[in-house]
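Grab a pencil and open the viewer.

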Amino acid sequence: MSTDKNRATAAAILPLVGGPDNITSIAHCMTRLRISLRDRSLVQDKALRALPAVLGVVEDLGAPPSGSWGMYQIVLGPGTVARVTPEFEALVAEARSAAPTPTAPTSPSPETATARTITADDLAAQGAALKEAQKARNATPFKLFLRRIANIFVPLIPALIGCGIIAGLNGLLTNLGWVPAVVPALAAIASGFMSLIAVFVGYNTAKEFGGTPVLGGAVAAIIVFPGVAKIDAFGLELKPGQGGVLGALAAALLAVYVEKWCRRWVPETLDVLVTPTLTVLISGLVTLFGLMYLAGGASAAIGTFANWLLASGGAFAGLVLGGLFLPLVMLGLHQALIPIHTTLIEQDGYTVLLPILAMAGAGQVGAAIAVYYRLPRNGSLRATIRSALPAGFLGVGEPLIYGVSLPLGRPFVTACIGGAAGGAFVGLFHQLGVAFGSTAIGPSGWALFPLLDGRSSAGITLAIYAGGLLVGYLVGFAATYFFGFTRQMLTDLDTDPDQDQHPDATTATAGTPPKERVPA
């Protein structure tokens, strides 16, 4: 998408979310533009979903700034969101500097109360209503804490993807024996970020929890400093990197609390000298003589358990993980798995969980295709599916979830069945000794192919993952086609909305009444 198109997309979105004065914060993740709003009623959901670049919308309480309604997320897709967000931020800044007239509230058009065919807009409205009903349940302290943890790792995903793809390319060149002079350079490029990821985690942790980011990074840097190998604590030797990202997160979180305590008690005249010193010293000592051991044990346990789970009960474990991941995506809690993925990548070079969890998206795609063929006369819903399927194949499932399967109900369940089948297929091969995973996190679906790595050859790894996707597509399609609809659902859904809006088109020229609709 060119710069002009990115700016045009941002310009189209801005008035539909209530204008610049309705926005309190702007951010983005891999696929979504995340904005905090003052007044939810100013958002024009129907017009937003109609924009060509918008794949869907997601509402989430999250942890909004003071005075905000909550987090409103506009799904734009990978790549696009990273280009549109800066343009959106620039437009908001320009509009505020020009002191525009506050946007007046816009009253949405009421839905007609008469009986009519259920359209894609109706399903989208039902999806929004379902999200509204979940907002209170999602606002528990535990879930809000998980979202804050996810916020620490989400900004790291682009670097993980880039370095992961380079690592895969380097492995391919090494196996083929090509350009050996370039291989060491690619290894350094791919490994540099991962060797210092603890520093970035510490920086983001302090930023997220209200501390000074660089102090969090400084404390976390202790974990990867080579000199820790010379430290003997309680008769045990430390190793550089021991504890990994979990240790960095805990160390930086401790630094935040130490810093806040210092800000409260240290006199202002001494604050600039004493507070940073005490923060790094106290947190550093606790990290060296406690947190690195504890976090190291936790990280090792995560890796051991994940590998044991798939090696001993791979098919069943894959079935459970693939079948339950879609509800996590629906609730927005899937990002809480990022620290686990990152820990596995640190230890083994790849996360064995992500290819299995990606099967949930395959089941979603298969279910959507079945809905498309099961409702041949509902042009509105079929158009929504056509526009959302490309993103679904690439692992962006929110448009299909909130626009199709979740409002329909039964197709959401059958999509989970497809994901469970695909997960069981991939898990079975893990149980048979063909272990593999993703060298980075973020992408899913077809976009995950360049990031796959494992013990076996690249051909076998790619074939198994492709087979899992195919199983997910087929089972999701079959389960939805045969069990995803009741007769009443077909009666309500499998009709042409245009004919309902223009009944004269279905009336014979001689004045005879329209034909009675026959349930499928």
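**Exercise 1. Find what Gln347 contacts beyond its neighbours within four places in sequence, and say where Gln347 lies.**

Solution. Keep in mind that this is a predicted model.
- Step 1: Set aside the neighbours within four places in sequence; Gln347 is then in contact with Ser299, Ala300 and Gly303.
- Step 2: Gln347 belongs to helix α12, residues 338-348.
- Step 3: Check the spacing to one of those partners. Gln347 and Ser299 are 48 residues apart along the chain, yet their C-alpha atoms are separated by 8.3 Å.
- Step 4: Look for polar atoms. A polar atom of the Gln347 side chain lies 2.6 Å from the backbone oxygen of Ser299.
- Step 5: Is Gln347 buried or partly exposed? Its relative accessibility is 34%, so Gln347 counts as partly exposed.

**Exercise 2. Work out the overall make-up of the protein chain: how many helices and strands does it have, and what share of its residues is buried?**

Solution. 
- Step 1: Go through the secondary structure; the protein chain has 20 helices and eight strands.
- Step 2: Turn to burial. Of the 520 residues in the protein chain, 48% are buried.
- Step 3: Take the contacts with a separation of 6 or more. Residues 24 or more positions apart account for 74% of these.

**Exercise 3. Describe how helix α14 packs against helix α18 and helix α17.**

Solution. 
- Step 1: Start with α18, residues 458-483. The axes of α14 and α18 are 7 Å apart and the angle is about 40°, so the two helices are oblique to each other.
- Step 2: Get the handedness: α14 passes α18 in a right-handed crossing.
- Step 3: List who takes part. Contributors from α14 include Met359, Gly363, Ala367, Val371 and Arg374, while those from α18 include Tyr465, Gly468, Gly472, Gly476 and Tyr481.
- Step 4: Sort this contact by class; the tally for α14 with α18 is 13 nonpolar, six polar and one charged.
- Step 5: Now do α17, residues 410-431. Its axis is 7 Å from that of α14, at an angle of about 135°, and α14 and α17 are therefore oblique to each other.
- Step 6: Handedness again: α14 passes α17 in a right-handed crossing.
- Step 7: Name the residues. On α14 they are Met359, Ala360, Gly363, Gln364, Ala367 and Val371, and on α17 they are Pro411, Ala415, Gly418, Gly419, Gly422, Gly423 and Val426.
- Step 8: Sort by class; the contact of α14 with α17 has seven nonpolar, six polar and no charged residues.

**Exercise 4. Tyr465 turns up again here: which residues does Leu448 touch, not counting those up to four places away in sequence?**

Solution. 
- Step 1: Locate Leu448 in the loop between β7 (436-438) and β8 (452-454).
- Step 2: Collect its partners: Leu448 touches Leu354, Pro355, Ala358, Ser438, Pro443 and Tyr465.
- Step 3: Compare sequence with space. Leu448 and Tyr465 sit 17 residues apart in sequence, and 9.2 Å apart from C-alpha to C-alpha.
- Step 4: Check accessibility. Leu448 has a relative accessible area of 0%, so Leu448 is buried.

**Exercise 5. Contrast two loop residues, Asn378 and Val179.**

Solution. 
- Step 1: Asn378 is in the loop between α14 (359-374) and α15 (379-393).
- Step 2: With 0% relative accessibility, Asn378 counts as buried.
- Step 3: A polar atom of the Asn378 side chain is 2.8 Å from the backbone oxygen of Leu493.
- Step 4: Val179 is in the loop between α6 (157-176) and α7 (183-195).
- Step 5: Val179 is partly exposed, since its relative accessible area is 45%.
- Step 6: What about the backbone angle? Most residues other than glycine have a negative phi. Val179 is not a glycine, but its phi is positive, about 30°.

**Exercise 6. Describe the crossing of α5 (residues 141-153) and α8 (residues 197-208).**

Solution. 
- Step 1: The two axes come within 8 Å and cross at roughly 135°, which makes α5 oblique to α8.
- Step 2: The crossing of α5 past α8 is right-handed.
- Step 3: Arg148, Asn151, Ile152 and Phe153 in α5 meet Val201, Asn204, Thr205 and Glu208 in α8.
- Step 4: By class, the residues of the contact of α5 with α8 are three nonpolar, three polar and two charged.

Methods. Residues are numbered from 1 along each chain as its sequence is written. This is a predicted model: local features need pLDDT of at least 70, side-chain atom pairs count only at pLDDT 80 or more; totals for chains, interfaces and linings use all residues. Side-chain values use heavy atoms; hydrogens and water are left out. Axes are lines fitted to C-alpha atoms, for helices over the stretch in contact, and angles run from 0 to 180 degrees between N-to-C directions. Helices (H or I, at least four residues) and strands (E, at least two) are DSSP runs, numbered from the N terminus. Angles under 35 degrees count as roughly parallel, over 145 as roughly antiparallel, 65 to 115 as roughly perpendicular and the rest as oblique. A crossing is left-handed if the near helix is turned anticlockwise from the far one by less than a right angle, and right-handed if clockwise. Contact means heavy atoms within 4.5 Å. Ala, Val, Leu, Ile, Met, Phe, Trp, Tyr, Cys and Pro count as nonpolar, Asp, Glu, Lys and Arg as charged, and the others, Gly among them, as polar. Buried means under 20% relative accessible area, exposed over 50%, partly exposed in between (1.4 Å probe, protein chains only). A polar contact is a pair of N or O atoms within 3.5 Å; within protein, one must be able to donate a hydrogen and the other to accept it, and residues adjacent in sequence count only if both atoms are side-chain atoms.
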